[in-house]
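Trainee: I have a model open and would like to learn how to read it. Could you take me through it feature by feature?

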Amino acid sequence: YKAIEEAFQSTADLQRVQEMANDLIKRVPHGGSKRSIILDVSIDCLEKFQVRDRRTGNIVQGQGYGELRDKVPADGSDDTVSNDIEEEQVTHLVRFEMETSKGQGPKERELGSWYIIDIDDQLKGNAWH
């Protein structure tokens, strides 16, 4: 699929892309009866992010990294951990995928379910399954 996408982006030659797609259909076991729809969505969020060492209270990742915790709850709970950091506006990229299969009639597709397959491009375009 990636080669087809790269060919289209570099040449915009629809005939070449169609030939590559037809060749791919011949090579896959399902003969092109299954297809995937991939959707990238940017989601704006207000979030608090901080990871602390439960034993020491030190911030090991996120806002305030390297600072020591000055108020560790007496009961050892995490109830106040996120109360002392500020919200930040961030945008996350979430990639969804849905598999479709051939429907009853010509050019009909049966839709599957949407699944989250990547967040913030952590897999760098590689499939995890």
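Mentor: Let's begin with burial: a residue is buried under 20% relative accessible area, exposed over 50%, and partly exposed in between, using a 1.4 Å probe and protein chains only. Arginine 95, at 15% relative accessibility, therefore counts as buried. Before we go on, this is a predicted model, in which local features need pLDDT of at least 70, side-chain atom pairs count only at pLDDT 80 or more, and totals for chains, interfaces and linings use all residues. Residues are numbered from 1 along each chain as its sequence is written, and side-chain values use heavy atoms, with hydrogens and water left out.

Trainee: How many helices and strands does the chain have?

Mentor: Both kinds of element are DSSP runs numbered from the N terminus: helices are H or I with at least four residues, strands are E with at least two. Here there are two helices and six strands, and from the N terminus the order is α-α-β-β-β-β-β-β.

Trainee: What can I say about the chain as a whole?

Mentor: Of its 129 residues, 18% count as buried. Accessible areas come from the Shrake-Rupley method with a 1.4 Å probe, and for residues only the protein chains shown count as cover. The chain exposes about 10,300 Å², with carbon and sulfur atoms supplying 51% of that area. A contact means heavy atoms within 4.5 Å. Among the chain's contacts with a separation of 6 or more, 50% are between residues 24 or more positions apart.

Trainee: Which residues make up the largest nonpolar core?

Mentor: A nonpolar core is a set of buried Ala, Val, Leu, Ile, Met, Phe, Trp, Tyr and Cys residues joined through side-chain atoms within 4.5 Å. The largest one has five residues, namely Ile4, Ala7, Val17, Met20 and Leu24.

Trainee: Where is alanine 12 found?

Mentor: Alanine 12 is in the loop between helix 1 (2-11) and helix 2 (14-27). Its relative accessible area is 52%, so alanine 12 is exposed. Its phi is near 55°, a positive value in a residue other than glycine. Aspartate 120 also has a phi near 55°, again positive in a residue other than glycine; this one is in the segment after strand 6 (115-119). Aspartate 120 counts as partly exposed, because its relative accessibility is 35%.

Trainee: How many salt bridges does the structure hold?

Mentor: A salt bridge is a side-chain nitrogen of Lys or Arg within 4 Å of a carboxyl oxygen of Asp or Glu. The structure holds four. In one of them, aspartate 40 meets arginine 95 at 2.7 Å, N to O. Aspartate 40 lies in strand 1 and arginine 95 in strand 4, so this pair ties together parts that are 55 residues apart in sequence.

Trainee: Which residues are linked with arginine 95 in a network of salt bridges?

Mentor: The network links Asp40, Arg95, Asp118 and Asp121. Arginine 95 and aspartate 118 meet at 3.5 Å, N to O. Aspartate 118 lies in strand 6, so its pairing with arginine 95 in strand 4 ties together parts that are 23 residues apart in sequence. Arginine 95 and aspartate 118 are both buried. Arginine 95 also bridges to aspartate 121 at 3.4 Å, N to O. With a relative accessible area of 32%, aspartate 121 is partly exposed, and aspartate 40 is partly exposed too, at 42%.

Trainee: Is threonine 100 buried or exposed?

Mentor: Threonine 100, in strand 4 (residues 88-102), counts as buried because its relative accessibility is 5%. Leaving aside neighbours within four places in sequence, threonine 100 is in contact with residues including Ser33, Ile37 and Leu111. A polar contact is a pair of N or O atoms within 3.5 Å; within protein, one must be able to donate a hydrogen and the other to accept it, and residues adjacent in sequence count only if both atoms are side-chain atoms. The side chains of threonine 100 and arginine 109 form one, at 3.2 Å.
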